[in-house]
There are 2 protein chains.
Amino acid sequence: MSLVLTPLSNFPLIEPGDDLAELLIHSLEATDIQIADGDILVLAQKIVSKAEGRLVNLSTVEPSARANELGEITKKDARLLELILRESRAVLRTGLNTIIVEHRLGFICANAGIDHSNVRGPWGKEEDWVLLLPEDPDASARRLQEQIYAHSHIHIGVSIIDSHGRAWRNGTVGVTIGLAGVPGVVDMRGVPDLFGFRLRITQIGAADELAAAASLMMGQAAEGSPAVHVRGFPYALRNSTLTEIIRPKEQDLFR
Amino acid sequence: MSLVLTPLSNFPLIEPGDDLAELLIHSLEATDIQIADGDILVLAQKIVSKAEGRLVNLSTVEPSARANELGEITKKDARLLELILRESRAVLRTGLNTIIVEHRLGFICANAGIDHSNVRGPWGKEEDWVLLLPEDPDASARRLQEQIYAHSHIHIGVSIIDSHGRAWRNGTVGVTIGLAGVPGVVDMRGVPDLFGFRLRITQIGAADELAAAASLMMGQAAEGSPAVHVRGFPYALRNSTLTEIIRPKEQDLFR
């Protein structure tokens, strides 16, 4: 049994208010994919965020004193830093052109996941528009899962992903920021290995492995597709939320 | 175009001295896969390490004073800690049952990647055998690539992977520890986004995204396969080494 990841073809540019479930259903048809129980759709956060209207024009943002301070350190736009602070619980590291935060959703990432590329707003200079992450990506994923079930009576999983930098290693990789139906972590405790020993590795980051796989097929430029269909995911689908994947602060050795 | 990952079926248990290239070629045939230029084989480190005879019996290891000290802190076997120290450049964090090091190959991981599961040695108690990582995984990957080319005149990429824990997030994911032909990092600097802006994300961790994808299809228990065939990798194959993926210490904010 193979794992097959297929980018949906000709996926349209998303505008605030778009019905993402409907666009996904149309795009699956256009790509000639019949969804089946156990399939997964992996979505780039930007299409979910845009459909949900999470665009902000920087000219409407008043930087706080803290944002101005961070502007001195990072040389980033203080209005962008203000938005980053509003979307974060804590600032972990700063440097020239760098700010790493604990996002209000729990994960650690640069710029609170606020995106400046592939963003176009309804008014003003295009370069002033930025895109925040979805308000509640788990809820967004669950809603899409339910809408697709209502339309097709097929149970699929939905994962919403972003690209994050990492400690210690170069290059960004796709990671989960919200999910429905996809197990966040698969617990192998007690499973025997080939010789009957207990397994050394007991928790597999299955949702993030899937996120990385799908991210490969999204690309980052014009030819990429922000929605990838997955067949052959090797673990059973079940209810899950992002909290499964976030290591509690007190158990983290690298804050 | 889809990305298709197929675990090789009935891959044999590897013994020291086995000809891995030959076993891979047989197993590809048994799985009914005809390799083509641009395909990639992703291999779990343990089959490479075992074929290379990287088994050590703990009863032959004399712990140093430093290993005994770390034994007090971590409550791990001091002989295992001695091997971990020999395979490492630096110890980054220690705790109960935890030791995170900078491996001599450059990456950060737990236990210097020394594996105690799925290991069986030629003599003594089975639980005394451990498996070190390959001596030079880039060279191992390149050798396999060349052996497969010599046999088939097909240019494939080869990636050797392990499962690593991560800062901030629960669950292990597959990561690259050696490669041949697979780009470690894909540089998107200067590539325009959908609206002609420069891309925010400029370095894609393509080899590690592939490692995570393949790891999904390896599983960790008896039913998994340690070798995965990949077709449809979206970036051009080219020469690369692990050093592309390792962030230099002085650029790392999370040591």
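In the predicted model, chain B contains an open sheet of 3 strands, which are arranged in the order β4-β5-β6 and pair in an antiparallel manner. The strands β4 (88–95) and β6 (108–110) of chain B stand at the edges, and each has a single partner strand, so one side of each is left without a neighbour in the sheet. On average, and with direction ignored, neighbouring strands of this sheet are turned by 25° against each other. In general, the strands of a sheet pair through backbone hydrogen bonds, and the pairing may be either parallel or antiparallel. In the case of β4(B) and strand β5 (residues 98–103) of chain B, the two run antiparallel and are joined by 6 bridges. Within this pair, V91(B) stands opposite V101(B), a residue of β5(B).

Two helices of chain B pack on this sheet. Helix α3 (residues 65–74) of chain B touches β4 and β5 of chain B, and its direction makes about 25° with that of β4(B). Helix α4 (residues 78–86) of chain B also touches β4 and β5 of chain B, but the direction of this helix makes about 135° with that of β4(B). Several residues of α4(B) are buried, namely A78(B), L80(B), L81(B), E82(B), L83(B) and I84(B). The elements against which these buried residues of α4(B) pack are β3 (55–57), α3, β4, β5 and β7 (129–131) of chain B.

A further packing arrangement in chain B involves helix α1 (residues 20–30) and helix α5 (residues 137–152), whose axes come within 9 Å and cross at roughly 55°. This angle makes α1(B) oblique to α5(B), and the crossing in which α1(B) passes α5(B) is right-handed. On the side of α1(B), the contact is made by L20(B), A21(B), L24(B) and I25(B), while α5(B) contributes L144(B), Q147(B), I148(B) and H151(B). When sorted by class, the residues in the contact of α1(B) with α5(B) comprise 6 nonpolar and 2 polar residues, with no charged residues.

Finally, a positive phi is found in two residues that are not glycine, D32(A) and N111(B). For D32(A), phi is near 70°, and this residue lies in the loop between α1 (20–30) and β2 (40–44) of chain A. Because its relative accessibility is 70%, D32(A) counts as exposed. For N111(B), phi is about 55°, and the residue is placed in the loop between β6 and β7 of chain B. The relative accessibility of N111(B) is 12%, and therefore N111(B) counts as buried.

Notes
Residues are numbered from 1 along each chain as its sequence is written. Chains are lettered from A and ligands numbered from 1 in the order in which they are written. This is a predicted model: local features need pLDDT of at least 70, side-chain atom pairs count only at pLDDT 80 or more; totals for chains, interfaces and linings use all residues. Side-chain values use heavy atoms; hydrogens and water are left out. Two strands pair if DSSP finds at least two bridges between them. Helices (H or I, at least four residues) and strands (E, at least two) are DSSP runs, numbered from the N terminus. Axes are lines fitted to C-alpha atoms, for helices over the stretch in contact, and angles run from 0 to 180 degrees between N-to-C directions. Contact means heavy atoms within 4.5 Å. Angles under 35 degrees count as roughly parallel, over 145 as roughly antiparallel, 65 to 115 as roughly perpendicular and the rest as oblique. A crossing is left-handed if the near helix is turned anticlockwise from the far one by less than a right angle, and right-handed if clockwise. Ala, Val, Leu, Ile, Met, Phe, Trp, Tyr, Cys and Pro count as nonpolar, Asp, Glu, Lys and Arg as charged, and the others, Gly among them, as polar. Buried means under 20% relative accessible area, exposed over 50%, partly exposed in between (1.4 Å probe, protein chains only).
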